[in-house]
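This report describes one chain as a whole and then turns to a single residue in it. The sequence and the model are shown here.

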Amino acid sequence: MTDTDHEADGDDVTRRWLIRVLVGLGFGIPIAIEGATLVGLVESWLFGDGEGDDDAASTATTTSEPTTAVGDDLLPTTDRAETLTEATVYARDDGWRFDLAVDVENSGDRPYELRLGTVTTQDGSRVEGGASTGRLAAGESATLSASYDLPDGETPATMAVVGVESVEGGGERLFRRDVRFGNIPVQG
């Protein structure tokens, strides 16, 4: 055997090991990734993952958010006052109705409008409806009233609220919030 034959055999051994390593990585990496995914799924199934998949986690998430009650500002991020002055659910034979009133004072220097939108009940039903103050000039105020026909036995949990500030050039600046209600009284 010559030195060239030993080099050829050495190159073959090196190539074989390189191929073994590449094949091992080719199979090993996907298996490791799938294994980690499987372990994560089993772990979240057994112990929960803290993202609100179970009822306890979603209850903890919703109760930690601040609630709005009569006397509170609906959009605290604006420099206007949008004060909830009335909120009552009426349980009647002909259906349940949620009535509310909001005092809006445009203390800013630009026109402003408050819009009340969809109500979501404690059971997750969405009730379309709403009301708007219309465009209030600077210094103007208005009382906005709205009524929502609720499914029997359900009370409001949240309501979509949008404040619209007119800006120079004809544009609008929007302030959006899903207002979470505290305990709304139910009257018969």
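Among contacts in the chain between residues at least 6 apart in sequence, what percentage join residues at least 24 apart? In this predicted model, the share is 58%.

**The chain**

The chain contains 2 helices and 9 strands. Along the sequence, the elements run in the order α-α-β-β-β-β-β-β-β-β-β. There are 188 residues in the chain, and buried residues account for 29% of them. The accessible surface comes to about 11,900 Å², and carbon and sulfur atoms contribute 51% of that surface.

**Asp-99**

Strand E2 covers residues 95-105, and Asp-99 is part of this strand. Is Asp-99 buried or exposed? Its relative accessibility is 11%, and because buried means under 20%, Asp-99 counts as buried.

| Pair | What is given | Distance |
|---|---|---|
| Asp-99 and Arg-97 | polar contact between side chains | 2.9 Å |
| Asp-99 and Thr-88 | separation of C-alpha atoms | 5.5 Å |

Thr-88 and Asp-99 are 11 residues apart along the chain. Thr-88 is also one of the residues in contact with Asp-99 once neighbours within four places in sequence are left aside.

Terms used: Residues are numbered from 1 along each chain as its sequence is written. This is a predicted model: local features need pLDDT of at least 70, side-chain atom pairs count only at pLDDT 80 or more; totals for chains, interfaces and linings use all residues. Side-chain values use heavy atoms; hydrogens and water are left out. Helices (H or I, at least four residues) and strands (E, at least two) are DSSP runs, numbered from the N terminus. Buried means under 20% relative accessible area, exposed over 50%, partly exposed in between (1.4 Å probe, protein chains only). Contact means heavy atoms within 4.5 Å. A polar contact is a pair of N or O atoms within 3.5 Å; within protein, one must be able to donate a hydrogen and the other to accept it, and residues adjacent in sequence count only if both atoms are side-chain atoms. Accessible areas come from the Shrake-Rupley method with a 1.4 Å probe; for residues, only the protein chains shown count as cover.
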